Amino acid sequence: MKKINFLFLIIILFPFFGFSQMAPEGLEALTITESENGTKTYSVSLKILALMTALTILPSLVLGMTAFTRIIIVMSILRQALGTQQTPPNQILVAISLFLTFFVMAPTFNKIYSDVSEPYNNGEMNLSEAVESGGGELKKFMVKNTRKNDLLMFAEMANEGKFENSSQIPFYIVLPAYITSELKTAFQIGFLLFLPFLVIDMVVASVLMSLGMMMLSPMLIALPFKLLLFVLVDGWSMTVGSLVGTFS
């Protein structure tokens with residue numbers, strides 16, 4: 001109990017004796033200098049802080065604003081339909097999904113690099129303009145691959161009227177609509193992938209029942225036939241090609 005009270009006392013008195021002396025030196029590094037022509041220069045510490053903050057939200061951006069969501073869900077459903085348990089492993093599925101995401105998003109990323117990154121590095125565009133322009137390119141991709149019904153649903157929930165073009169739709173409406181649309185599309189594709197393997201499972205189970213082999217696992221017998229079918233029809237190429245073709 002005495003230790004807890006002692007620690008509590010240190011926490012209370014630390015701002016007065018320690019932090020008050022260190023604060024001016026630490027805050028001097030977080031400065032924004034405005035020149036005569038109106039341009040702002042950020043300190044190195046502030047840039048590092050912004051970079052670390054961006055790195056923390058980068059996974060959410062990759063998951064929610066790109067083609068990654070649809071691809072990883074379809075790949076997971078395909079593995080479950082094959083009945084191969086953890087083959088391919090999760091790391092392989094994530095790697096495949098990331099590479100396919102870069103392939104699908106390549107036109108958008110190239111346009112962001114040429115129209116936003118290069119002008120910003122050359123000083124032709126400030127930070128706010130670069131963020132707005134880059135976000136606009138991502139918004140175009142998301143709107144193209146989002147169902148109108150989902151956009152209208154979230155617009156009505158936000159009490160927003162109809163928009164004349166996609167650039168007027170705010171991000172807080174596009175993001176949930178895009179995620180909802182991607183989930184629906186991914187499950188539709190997964191259902192179509194599941195059907196042929198489900199037929200094989202039903203045929204194998206019926207044959208085993210007719211032969212009286214009820215103690216033999218149908219999944220164990222059906223697995224080689226499902227793998228054989230998947231290999232004969234070049235399943236990976238068909239799945240990847242069809243999946244990439246679903247994006248606008």
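Mentor: Let us begin with helix 8, in which Ala-222, Lys-226 and Phe-230 are buried. This is a predicted model, in which local features need pLDDT of at least 70 and side-chain atom pairs count only at pLDDT 80 or more, while totals for chains, interfaces and linings use all residues. Residues are numbered from 1 along each chain as its sequence is written, and side-chain values use heavy atoms, with hydrogens and water left out.

Trainee: What covers the buried residues of helix 8?

Mentor: The cover includes helix 3 (68-82), helix 7 (171-210) and helix 9 (235-245). Helices here are DSSP runs of H or I with at least four residues, strands are runs of E with at least two, and both are numbered from the N terminus.

Trainee: Why is Thr-101 called buried?

Mentor: Buried means under 20% relative accessible area, exposed means over 50%, and partly exposed lies in between, with a 1.4 Å probe and protein chains only. Thr-101 has a relative accessible area of 2%, and therefore it is buried. Thr-101 belongs to helix 4 (residues 90-121).

Trainee: Which residues does Thr-101 touch, not counting those up to four places away in sequence?

Mentor: Thr-101 touches Thr-66, Ala-67, Phe-68 and Ile-71; a contact means heavy atoms within 4.5 Å.

Trainee: Why does Ala-95 count as partly exposed?

Mentor: Ala-95 is also placed in helix 4. Its relative accessibility is 28%, so Ala-95 counts as partly exposed. The C-alpha atoms of Ala-95 and Ile-72 are separated by 9.6 Å, although these residues are 23 residues apart along the chain.

Trainee: What makes Leu-58 partly exposed?

Mentor: Leu-58 has a relative accessible area of 41%, and so it is partly exposed. Leu-58 is found in helix 2 (residues 44-65). Together with Ile-48, Leu-51, Met-52, Leu-55, Ile-57 and Leu-61, Leu-58 forms a nonpolar surface patch with about 630 Å² of accessible area.

Trainee: What makes a group of residues a patch?

Mentor: Patches are made of residues with over 30% relative accessible area and no salt bridge; like charges are joined within 9 Å, and nonpolar side chains (Val, Leu, Ile, Met, Phe, Trp, Tyr) within 5 Å. A salt bridge is a side-chain nitrogen of Lys or Arg within 4 Å of a carboxyl oxygen of Asp or Glu. Accessible areas come from the Shrake-Rupley method with a 1.4 Å probe, and for residues only the protein chains shown count as cover.

Trainee: Where in the protein chain is confidence lowest, and where is it highest?

Mentor: The term pLDDT is the predictor's confidence in each residue, from 0 to 100. Confidence is lowest in helix 1 (residues 2-28), at a mean of 43, and highest in helix 3, at 90. The mean for the protein chain is 77, and 81% of its residues reach 70 or more.
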